[in-house]
Every structure is written in C-alpha cells, then in structure tokens.
Amino acid sequence: MNSKQLVELLKQKLTNPAFTWQHDEKTDRVRLNHKVLNKGMEISLPEILSKYEMKKDKAINEVVYTISQTFEAMEKETQSLDRSTSHIYPVIRSTSFPVKSNEGHDLVVTDHTAETRIFYALDLGNTYRLLDVNMLIEMNVTDSEVKEAARFQIRKLSTELKEDHVAGNIFYFLNANDGYDATRILNEPFLKDMQTKIEGDMTLSVPHQDVLIIGDIRNEAGYDVLAQLTMHFFTTGKVPITSLSFIYEDGELEPIFIMAKNRLEKENKDK
C-alpha cells in the first residue's frame with residue numbers, strides 16, 4: 001500500500017460529509033478538516049504505513065478510531081462551552097507543566113505547592129480539555145466562578161481506596177482511572193475524614209496523574225517505603241507530577257524533606 005491508496009482507504013472509512021482532505025505529497029501528510037467545527041488535525045502517512053506493515057487492517061482500524069474519537073471530543077467541547085460549569089474539574093500538574101495552550105492562550109491556573117499547580121479542565125467524557133482564558137469568554141464565566149465550581153465538583157468523585165500494609169505502615173491507593181485521581185488531593189472533606197483514621201503521620205503523594213497515595217506512616221521504615229513507592233510511580237506514570245511527598249497536618253501540605261529537616265533541628269536543639 002502507498003500513501004495515495006492509504007488516503008483513499010481512510011476516506012472510505014471516514015465518510016463524514018463535513019470532512020475535507022488535503023494531501024501534501026511533499027511532506028507525505030494529510031490535513032483533515034471539519035468544516036462545521038472549523039477545526040482539524042494532521043496525519044503522518046508514513047507512520048501509519050509502517051504500522052500497517054506489521055498489523056495490517058488492525059492498524060487502519062486503530063487510526064480510524066483515534067480520528068473519530070478526536071473529532072467526537074471536539075464536538076462535545078463545542079457543545080459543552082454552552083453548558084453550565086458542572087463539567088469543570090480541577091487537575092493537578094507539575095509546576096514545570098506549560099501554562100499556555102497550544103494556541104498560545106493563557107491557561108487558567110491556581111498556585112498549589114512549590115511542586116504542583118492546579119489547572120482546570122472541561123470534562124468531555126472520555127477526555128478533557130484544559131481551560132484557557134479565551135474559553136472562559138466563550139462560556140461567559142469568570143475565573144472565580146470556574147474555580148469555585150471545580151472545588152465543588154471534585155467532592156462528587158468517588159474516593160474508593162485500596163489498602164496495603166508494609167513494615168508496620170499502611171498505604172492507601174486511589175486509582176479510579178478517570179483522569180482525576182491526583183486531583184483528589186484537593187478534596188478537603190475527604191482528607192479530613194482520612195485524617196481521623198490515621199494513627200501515625202499522614203502523608204499525601206501525587207507521583208503521577210492517575211494515582212493518589214495516602215500514607216499512615218508509623219515508623220522510619222515507612223518513609224523509606226514511601227520514597228521508593230513514589231519514585232516508582234513517578235517514573236512509570238504517563239503524566240508524572242512529583243516524586244516528592246507531603247505531610248498533611250491541620251489542612252496544610254508540607255514537603256516531607258522540610259518536615260524532616262525541621263524535626264532534626266528540633267531534636268538537636270533539645271539535646
């Protein structure tokens with residue numbers, strides 16, 4: 001199969017009349033536009049052909065599915081811009097995460113810790129879109145309204161936990177795979193409820209987007225286990241956030257290395 005044949009095959013499988021196709025033979029890429037949405041995407045043909053050599057029709061079906069899902073998400077986004085703020089959730093990211101959209105617009109953000117920052121997302125079902133200032137104008141909502149709505153929405157998400165006991169310490173894992181696992185670190189009522197069950201130091205870790213680890217650390221070995229856990233999750237996650245964990249105390253988050261340093265200074269002072 002060559003590039004022209006591939007384009008024709010994709011056209012046969014993606015029959016939406018709103019689609020227009022532009023094949024740039026020099027770059028061997030196709031620009032697929034949606035006339036109604038006024039949005040589009042570029043497709044690299046050599047990449048698909050390479051996969052086709054190995055997977056045949058399965059490779060084509062995967063590409064068709066991805067394209068269909070992408071435009072479906074775009075349609076939902078367009079519809080959601082006219083709806084209420086009930087589809088907006090906060091999202092935790094690293095402070096190194098870009099604060100501008102691909103189009104160069106400022107994303108809506110709130111400072112969180114030295115390691116993390118809060119972004120805000122328009123939920124589209126199977127995916128979400130980070131909100132930028134231009135989208136707020138389209139939605140006719142203010143920055144403060146979005147942030148207030150997001151704080152409320154996070155409390156609606158499930159808080160089902162898995163529990164693991166290691167060296168006399170207890171670790172709780174929240175992994176709902178809904179894109180907002182790490183975001184539960186912002187659910188204050190949930191954290192306060194967990195605090196009543198913790199006998200040792202309560203720690204919170206968000207090594208990547210799809211997990212929140214709550215630790216009941218009852219001995220020094222617990223901190224070693226926690227460090228290993230968070231580093232493992234940090235290096236294996238699709239959207240890494242931070243390998244640093246936090247002590248949760250009186251509604252405040254404090255990096256563990258700072259807390260350890262303060263305790264060491266206090267112990268030396270007492271001596």
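**View 1. Asp 201 is paired with Ile 217 of strand β11.** Welcome to the first close-up of this predicted model, where local features need pLDDT of at least 70, side-chain atom pairs count only at pLDDT 80 or more, and totals for chains, interfaces and linings use all residues. Residues are numbered from 1 along each chain as its sequence is written, and side-chain values use heavy atoms, with hydrogens and water left out. Strands β10 and β11 (residues 212–217) run antiparallel and are joined by five bridges. A hairpin of six residues links β10 to β11. Two strands pair here if DSSP finds at least two bridges between them. Helices (H or I, at least four residues) and strands (E, at least two) are DSSP runs, numbered from the N terminus.

**View 2. Strand β10 also meets strand β12.** Here the partner strand is β12 (residues 246–249), antiparallel to β10 and joined to it by two bridges. Look for Leu 204, whose bridge partner in β12 is Phe 246. Strand β10 spans residues 201–205, and because four of its five residues are buried, it is largely enclosed by the rest of the structure. Buried means under 20% relative accessible area, exposed over 50%, and partly exposed in between (1.4 Å probe, protein chains only).

**View 3. Arg 184 is a buried loop residue.** You will find Arg 184 in the loop between β9 (169–174) and α6 (188–195). Its relative accessible area is 0%. Leaving aside residues up to four places away in sequence, Arg 184 touches Ile 154, Leu 157, Ser 158, Leu 174, Ala 176, Asp 178, Phe 190, Leu 191 and Leu 212. A contact means heavy atoms within 4.5 Å.

**View 4. The whole protein chain puts these close-ups in context.** The protein chain has eight helices and 13 strands, and 44% of its 271 residues count as buried. Its C-alpha atoms fill a box of roughly 80 × 45 × 30 Å along the principal axes. The radius of gyration is 23 Å, whereas a compact globule of 271 residues would have one near 18 Å; the value is taken over C-alpha atoms, and the globule rule is 2.2 Å times the number of residues to the power 0.38. Among contacts between residues at least 6 apart in sequence, 54% join residues at least 24 apart.
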